[in-house]
Every structure is written in C-alpha cells, then in structure tokens.
Amino acid sequence: MDRRTLSYVPDPENIRVNVDRRGNRVIPNGDSADSDYLNKLRTLSLRYVADFEVLLIPVGQKRRTGIKGRAVDISATGLLFELPAASSGFQVGDKVKAKFRIPPGTMPEGFEAGVNIEAAVVRRFTREADNEEKLMLAIEFEKPLTDYFQRKRWGYSVYSASALLFVASLFIMLMRAESIIYFKYNLVLYLYSLIAALFLLTRYLFGALYRNVPVNPDYTPGVSIIIPCFNEAEWIKRTILSCMNQDYPVDKLEVIVVDDRSTDGSVEQIQDIIGVIHSEAERYATQDRLKYTVLPENGGKRVALVKGVEMAKHDLVVFVDSDSFLDPTAIRNLVQPFQDPRMGGVAGRTDVENKYTNSVTKLQTVRYYIAFRIMKAAESWFDSVTCLSGPLSCYRKELILRHADAWLDQKFLGRPATFGDDRSMTNFILKTHRTGYQDSAICSTIVPSRMNVFLKQQMRWKRSWLRESLRAGLFIWRKEPFMALFFYIGLIVPIAAPVVVVYNLMYVPIVQGIFPGTFLMGLLMMALLMSLAHLLFRKSGLWVFGFVFCVFYEFVLLWQMPVAWVTFWKSTWGTRETPQDVEAKEKKEARKRKTKKFGLPF
C-alpha cells in the first residue's frame with residue numbers, strides 16, 4: 001500500500017507506476033483510462049486497522065489443532081495478525097483456513113460478517129510488543145473478500161431485497177387501490193393517501209432507473225475546491241488532505257481554505273497540515289495549488305464561500321464542508337456531467353463517516369443513503385436536483401459570481417438568511433440551468449451523535465427546506481412538467497403529514513373507535529421500502545435502522561414541521577455560535593434578567 005501523503009495524485013514524473021500495493025498491473029505512463037479497473041484495485045488494496053480474534057487452521061486438519069491470534073490489519077485481499085511466539089508451526093507457503101468475524105466499523109459498510117476462507121501464509125516475522133515477542137503472520141486470501149461475500153452473503157441480500165421490494169411495492173399499490181373505494185367517505189384524506197403513495201413509489205422507480213454519467217478520461221476541466229471553515233479544528237486536517245489527495249491532473253486542481261475567524265485553533269491546524277503537504281510533496285506543485293486565507297471578521301459561511309470563489313482560478317468550483325472527506329476519485333467523477341453546457345451544478349453522494357458511533361448515527365446512515373441514492377437520483381433523472389448539498393457540490397464559477405450579491409444579501413421576511421446556503425444557491429442555479437447528481441462522486445461527513453444536536457440540525461433543515469421550497473415553487477413550473485408535478489406534491493405531502501397523522505392515530509381511534517390498522521400497515525410498508533433499498537444497494541446489516549428512522553420520524557421529527565411553519569424566518573443555527581446565535585442568546589438572557597428583576601413567575 002502506498003503510504004505517501006498524496007498517494008492518489010497522478011505522478012508527474014512517472015516514478016510511481018504500480019497500480020496497487022501488490023503490483024498486479026503496470027500502467028504505462030500513468031495512463032488511468034481504465035478507471036473502473038483502477039477503482040477495483042484500490043478497493044482491494046486498502047488496508048484497515050483491525051483488532052479481532054482469528055482462528056487459523058492448517059488445511060486438512062481438524063478444528064482442535066487450530067491456533068488463535070489477533071488481527072492487526074486487514075484488507076480485501078489479506079490479513080496480518082499476531083500469535084504467541086511459541087506458535088511456530090506455520091511457514092511461508094502453508095495453506096490454511098482462516099475463521100473470523102469482522103466487527104462493524106473495521107471495514108466499509110457491508111463487510112461486517114463472519115468469514116471462513118482458505119488462504120496462504122505469505123510472510124512471517126517477529127516483533128516485540130509490551131516486552132513480549134510476538135510472531136506476525138501475513139496471509140493472502142484465496143479470493144478477495146469482495147468475491148467471497150458476493151457468493152456467501154451479498155448475492156442473497158440482493159435477491160432477497162429485490163423480491164421483497166417488489167412485494168412491498170405491489171402491496172402498497174393494492175392498498176391505494178382500496179382507497180379509491182373509500183373516496184365517498186373522506187375524499188381529501190384518501191386522495192392524499194393515494195397521491196403520497198404514488199409520489200413515494202415514483203421516487204424509488206426513478207431512483208432505480210438512475211445511472212451515473214460515465215467517466216470520460218479526456219475530460220478533466222480545471223477545478224477549484226473551496227473549504228469554508230469555522231471551528232472545525234478536529235476534522236479540518238483530514239478534510240484538506242482528502243481534497244488534495246485526488247486522482248486528478250496536478251495542473252487542473254487547486255484547494256482554497258477560507259477560515260471564518262475560528263476561535264478553537266482551526267487556523268493552527270490548517271497551517272500545520274499545509275506545512276506537511278508543502279514539505280512532503282514538492283513534486284506535486286502543492287505550494288501553488290494549496291492556499292488559505294482568514295477573513296478579517298466572522299461573516300458566515302456564504303461570505304467565506306464567495307471569498308474562496310473570488311480567489312479561484314478555475315472555471316468549476318467545488319464546495320466541500322470542513323468536516324467532510326472526499327474519496328480519491330470524487331472530483332474526477334463529480335465533473336463529468338458538466339460535459340453538458342446546460343449543467344449549472346452537480347451534487348455528489350454523502351455517506352455518514354461516523355456511522356457506527358451509536359443508534360443516532362446509524363439511523364442517519366440509512367436516511368442519508370436513501371436521500372441521495374434514491375431521492376436525489378430521482379430528481380437527477382429530470383436534471384432538476386433541488387438541493388446541491390453542502391458536503392460536496394460543484395458549480396460553474398460564473399454562476400456563483402453572477403448570484404453572489406443576491407446570495408449574500410438574501411433576506412426572508414426582513415431577516416438575514418444565514419443557513420440553507422446549499423438550497424438557496426441551488427435555487428439561483430436551477431432557475432436558469434440544469435442541476436444533477438453523480439452517485440460515483442462520494443464523500444463522507446460527520447453527523448451529530450447526540451440527540452439534542454441532531455434535533456436542532458433537523459429543525460434548521462426543515463426551516464430552510466420550507467423557505468427555499470416556497471422560493472422554488474415560483475419558478476419550478478417552467479421546468480420539465482413531470483418534475484414540476486413531483487415537486488409540488490413533494491412540497492404538499494410533508495406539510496400536510498402532521499394533520500393526517502393526527503387524524504389517523506388520534507381522531508379515528510378515539511372518536512370513531514376504529515383501530516388504524518391500514519394506516520399503520522402503510523407506515524410499515526414505507527419503512528420496508530427504505531430498509532430494503534438500503535439492503536439492496538449497500539448489503540449492510542444497518543438496513544434495519546430504516547425501520548427505526550421511519551418510526552422515529554413519524555413520532556418525533558414529523559412534529560418539527562408545525563414548528564417550522566411558524567418559525568421558518570428564524571436565522572439561528574442552534575448548533576454553532578454564529579452572530580445570529582449570539583444575538584439570540586443575548587436576547588434570551590436579557591429576558592431572563594428582566595423576568596428575575598420584576599419577580600415574574602414565567
């Protein structure tokens with residue numbers, strides 16, 4: 001495995017020619033035309049720190065003769081683990097059977113499972129740890145874990161999920177057909193139910209039909225990556241490194257970091273990683289391609305982004321959040337839709353980085369994937385993605401500069417719009433250009449792991465969604481007719497949902513004495529669609545959290561919507577100390593002091 005700082009950057013001197021750490025193939029002159037093959041090799045060669053028990057059994061012998069060891073690192077092609085020094089029976093070339101279970105979070109999502117695979121010992125050495133000599137064995141699997149899981153587990157997941165998805169979709173259609181019979185009893189309710197079901201099913205249909213724009217190896221336009229930073233000292237180093245470490249021509253990519261007057265040491269972290277990259281990678285012209293600036297005063301995310309765009313020298317600009325990390329081929333894939341001159345902006349896919357932290361992050365993992373791979377993909381079918389998400393999106397520079405003043409000065413009901421930056425800029429772009437989604441352009445981001453922070457984030461998102469959807473509704477009718485229809489339905493359904501839930505789960509059982517079995521069955525089918533779609537595409541054990549999310553949404557998140565109706569003009573983040581948050585905090589403290597002064601009981 002290449003351990004250099006910028007291991008994926010194309011080699012300008014053609015010194016590094018081995019495609020992967022095992023040297024399975026040599027590409028002359030660094031030619032990367034076979035991008036699918038290269039991506040597969042990268043997947044096979046990535047190594048992950050590991051700590052789990054491994055049982056090693058010589059081929060042909062019974063289980064009782066096996067020896068237990070501890071994994072140190074693992075890849076899709078092999079495993080390194082340590083044994084007591086006394087376990088000297090294994091030699092290079094020996095055929096063995098390795099039995100182990102990969103814990104969640106050790107390897108990418110979908111690899112968390114038991115393994116019983118044949119392998120060969122390819123390396124043997126000793127090292128001292130904790131004042132004890134350890135025997136280290138490296139084994140190479142008979143077949144990559146990707147092939148092993150395809151036969152043992154992933155294949156079954158695909159077939160099972162596909163069949164159940166078909167059954168669930170058919171069941172939903174039958175339920176909605178039944179609703180037509182009851183129109184005479186409650187036309188509005190059953191019409192809503194029918195429209196909501198059809199809307200949901202079409203999202204999954206068009207999401208399934210979606211395909212990436214294939215990589216054209218000859219299309220590598222100039223790209224400037226802008227990273228706005230505010231109090232992200234913990235993650236900013238990794239973000240910058242992931243943006244620089246891209247499989248993209250050296251002369252076509254630059255990275256600009258704009259710090260919005262952080263107060264937590266972010267600037268020191270930025271300077272530190274830039275120093276490392278400059279000192280270790282002179283061959284890649286990093287001093288010309290990586291720069292940073294600090295704003296004279298805290299102006300907000302939009303100000304930082306516009307400043308970065310003004311500094312950019314290339315025609316395409318990519319916005320990356322300061323707690324998001326790009327895959328090595330993210331930029332190469334993200335720019336491909338811009339071969340269409342009418343394309344104004346493109347969003348990449350955002351996965352959850354800290355997915356295994358707790359239940360809060362696990363349910364977000366399923367939600368994020370469905371929101372991108374199904375919902376955004378369905379919108380992209382009509383070239384009308386309504387939110388080019390903040391973690392990873394690309395725009396034409398001229399369009400950002402054209403709308404910069406209106407974006408910076410945007411107000412809603414007289415109050416500055418300080419969040420929903422991605423939706424707001426998307427509206428400006430979508431009004432005159434196409435917007436797309438590229439599922440192969442992948443980044444991962446840190447999501448809230450504490451419930452209170454998560455709920456504040458969701459409240460902020462609902463307010464911005466409502467505000468910007470009302471804006472989009474003024475022009476979206478000019479777009480593709482089906483897209484416009486889906487947009488207006490997608491606006492009405494969530495807004496009306498709390499009323500429908502109250503009617504079905506409270507009014508019907510209490511007043512009419514009828515158990516809401518049909519409604520609950522519909523909720524179950526909705527949860528089943530989300531969970532099975534995640535299982536189909538990701539083949540991950542986290543699919544069950546699709547059910548968890550749907551129940552949590554119905555009984556918790558849904559009730560944020562009525563609050564958003566009457567507070568969508570608010571401009572406070574709630575999760576960071578922006579000037580608006582500081583102002584709101586000071587007003588709240590002033591009210592408390594006033595209440596205390598006059599001895600009021602409230």
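Helix H14, which spans residues 517–538, comprises 22 residues and extends 31 Å from its first C-alpha to its last, close to the 32 Å expected at 1.5 Å a residue, where the expected span is 1.5 Å times one less than the number of residues. Helices (H or I, at least four residues) and strands (E, at least two) are DSSP runs numbered from the N terminus. Just after H14, Lys 539 adopts a positive phi of about 55 degrees. The model is a predicted one, in which local features require pLDDT of at least 70 and side-chain atom pairs count only at pLDDT 80 or more, whereas totals for chains, interfaces and linings use all residues. Residues are numbered from 1 along each chain as its sequence is written, and side-chain values use heavy atoms, with hydrogens and water left out.

Rings of Phe, Tyr and Trp (its six-membered ring) were paired if their centres lie within 6.5 Å, with planes under 30 degrees apart counted as stacked, over 60 as edge-to-face and the rest as tilted; by this rule the count comes to 21 aromatic pairs. The rings of Phe 206 and Phe 382 are edge-to-face, with centres 5.0 Å apart and planes at 65 degrees. Because Phe 206 lies in helix H3 (residues 187–209) and Phe 382 in the loop between helix H9 (359–380) and strand E14 (393–396), this pair ties together parts that are 176 residues apart in sequence. Phe 206 is buried (under 20% relative accessible area, against over 50% for exposed and partly exposed in between, with a 1.4 Å probe and protein chains only), at a relative accessible area of 15%, and Phe 382 is likewise buried, at 12%.

Phe 382 also forms a tilted pair with Phe 486, the ring centres being 5.9 Å apart and the planes at 55 degrees; since Phe 486 lies in helix H13 (residues 481–512), the pair ties together parts that are 104 residues apart in sequence. Phe 486 is buried, with a relative accessible area of 10%. Ring pairs link Phe 206, Trp 381, Phe 382, Phe 482 and Phe 486 into a cluster. Arg 203 lies over the face of Phe 486, at 4.6 Å from the ring centre, the criterion being NZ of Lys or CZ of Arg within 6 Å of the ring centre and within 35 degrees of the ring normal.

Arg 349, in strand E13 (residues 343–352), is buried, with a relative accessible area of 7%. Its side chain makes a polar contact with the side chain of Asp 439 (3.2 Å), a polar contact being a pair of N or O atoms within 3.5 Å, of which, within protein, one must be able to donate a hydrogen and the other to accept it, and residues adjacent in sequence count only if both atoms are side-chain atoms.
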